[in-house]
Amino acid sequence: MKISFFWTLAVVPFLFLLAACENRQENSEKEIQVKVPVTVEKIHKADITDFLELNATSSFLVKSMIKSPIAGYIDDISVSQGDKVLKNQLLFNIKTKESTALKNDTSSPYSFSGLISIKANMNGIILSVDHPKGDYVQEGDQLATIAVPSSFVYILDVPYESVSFINVSGSCDILLPDGHILKGIIYSRLPSIAPGSQTQRYIIHPDENQNMPENLIAKIKIVRHTIPNAVLLNKSCILADEVMKHFWVMKLINDSVAVKVPVITGLSSGDDIQITSPDFSNSAMFLASGNYGLGDTVKVAVTNKSSYK
């Protein structure tokens, strides 16, 4: 009886322990069977272009400074800033200081207007009016500035290390702040380098003149090189480490298992990134959503695979 009693005390805890182990094993098997819901994308091939993007500032290359030919008082102003003027159009009337003095002298028998008309010397736009009516100006003082609309250009400063990508007479895109895109021609290159920034200046003529203001900052896109028939994958499929040094994808190897595959990326264009290595088949599928934070091998449930069959 004593032996049987002690035997029972020894066996019962073992049975409980065995049952607990079996429950843990069943739970583990259930956990392994859990599948992560994901969506997938296929690779595709297309030409991809690498662009050089730099800022440029709009400017009028040709400006005319209207100056006073005499010393006197501004009697009348016929234009305002922003007005379009034609050649020989009246801009200012200036009264000489002598005529003003004689007019104020009641004892003088002489009377003459002493008005000098100042006219535009070219067609253009009034950029500035530098004196108000009634101001006294000296001979040679600047009265106004006229810009020639056809001389409107964009000034592009290019770092010297990127000069080799710029071709005079080549084309480019001009991206305006409002989203409008113009075509431009790289017209000329100035033969000097800015000592501080080590940049070389280029002149870009837009194909169309839309009465843009001066000093507008636009973005210039110039093609560096194009890779034909590149292997592309959506950016959502590409994963990276914290320092963006190592990249990988989660590749679907069958209907329910995905594995981690390191990749080497190339150019980026819109939502696509070029995959330079390894070589994938055209039918290969990669996790596009639900792929973050997964292990090297994971069971998945693809929710959109039917759209790729």
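Reply: Let's start at Gln200, which counts as buried because its relative accessibility is 9%. Buried here means under 20% relative accessible area, exposed means over 50%, and partly exposed is in between (1.4 Å probe, protein chains only). Before going on: this is a predicted model, where local features need pLDDT of at least 70 and side-chain atom pairs count only at pLDDT 80 or more, while totals for chains, interfaces and linings use all residues. Residues are numbered from 1 along each chain as its sequence is written, and side-chain values use heavy atoms, with hydrogens and water left out.

Gln200 belongs to strand E14, which covers residues 199-206. Strands (E, at least two residues) and helices (H or I, at least four) are DSSP runs, numbered from the N terminus. What does the side chain of Gln200 reach? It gets to the backbone oxygen of Leu190, at 3.0 Å. That's a polar contact: a pair of N or O atoms within 3.5 Å, where, within protein, one must be able to donate a hydrogen and the other to accept it, and residues adjacent in sequence count only if both atoms are side-chain atoms.

Now for the neighbours, where contact means heavy atoms within 4.5 Å. Setting aside residues within four places in sequence, Gln200 is in contact with Leu156, Asp157, Val158, Tyr160 and Val163, and also with Arg189, Leu190, Pro191, Ser192 and Ile193.

With a relative accessible area of 43%, Gln198 is partly exposed. You can find another positive phi at Ser169, near 80°, again in a residue other than glycine. Ser169 sits in the loop between E11 and E12, and it counts as exposed because its relative accessibility is 58%.

A nonpolar core is a set of buried Ala, Val, Leu, Ile, Met, Phe, Trp, Tyr and Cys residues joined through side-chain atoms within 4.5 Å. The largest one has 23 residues, and Tyr154, Leu156, Ile174, Leu176, Ile204 and Ile220 touch the most other members. Each of these strands supplies at least two residues of this core: E2 (44-60), E11 (152-159), E12 (171-175), E13 (181-193), E14 and E15 (217-234). Take Leu176: not counting residues up to four places away in sequence, it touches Tyr154, Leu182, Met212, Leu216 and Ala218. Apart from this core lies another, of 15 residues, including Phe247, Val263, Ile273 and Ile275.

Let's move on to a sheet elsewhere in the chain. Two strands pair if DSSP finds at least two bridges between them. Four strands form an open sheet in the order E3-E10-E8-E5, with antiparallel pairing. E3 and E5 (84-85) are the edge strands, since each pairs on one side only. Inside the sheet, E10 (residues 142-147) is largely enclosed by the rest of the structure, because five of its six residues are buried. Five bridges join E10 to E3 (residues 63-67), and four join E10 to E8 (residues 124-129). Look at Ile146 in E10: it is the bridge partner of Ser64 and also of Ile126. Further along, two bridges join E5 to E8, and Val85 stands opposite Gly124 in E8.

The peptide bond from Ser277 to Pro278 is cis, with omega near -5°. Pro278 is in the loop between E19 (272-277) and E20 (285-289). Cysteines next: Cys172 is buried, at 4% relative accessible area, and Cys237 is buried too, at 0%. The structure holds zero disulfides, a disulfide being a pair of cysteine sulfur atoms within 2.5 Å.

Finally, zoom out. The protein has two helices and 21 strands. Of its 309 residues, 34% count as buried. Among contacts with a separation of 6 or more, 71% come from residues 24 or more positions apart. The accessible surface comes to about 18,900 Å², and 54% of it belongs to carbon and sulfur atoms. Those areas come from the Shrake-Rupley method with a 1.4 Å probe; for residues, only the protein chains shown count as cover.
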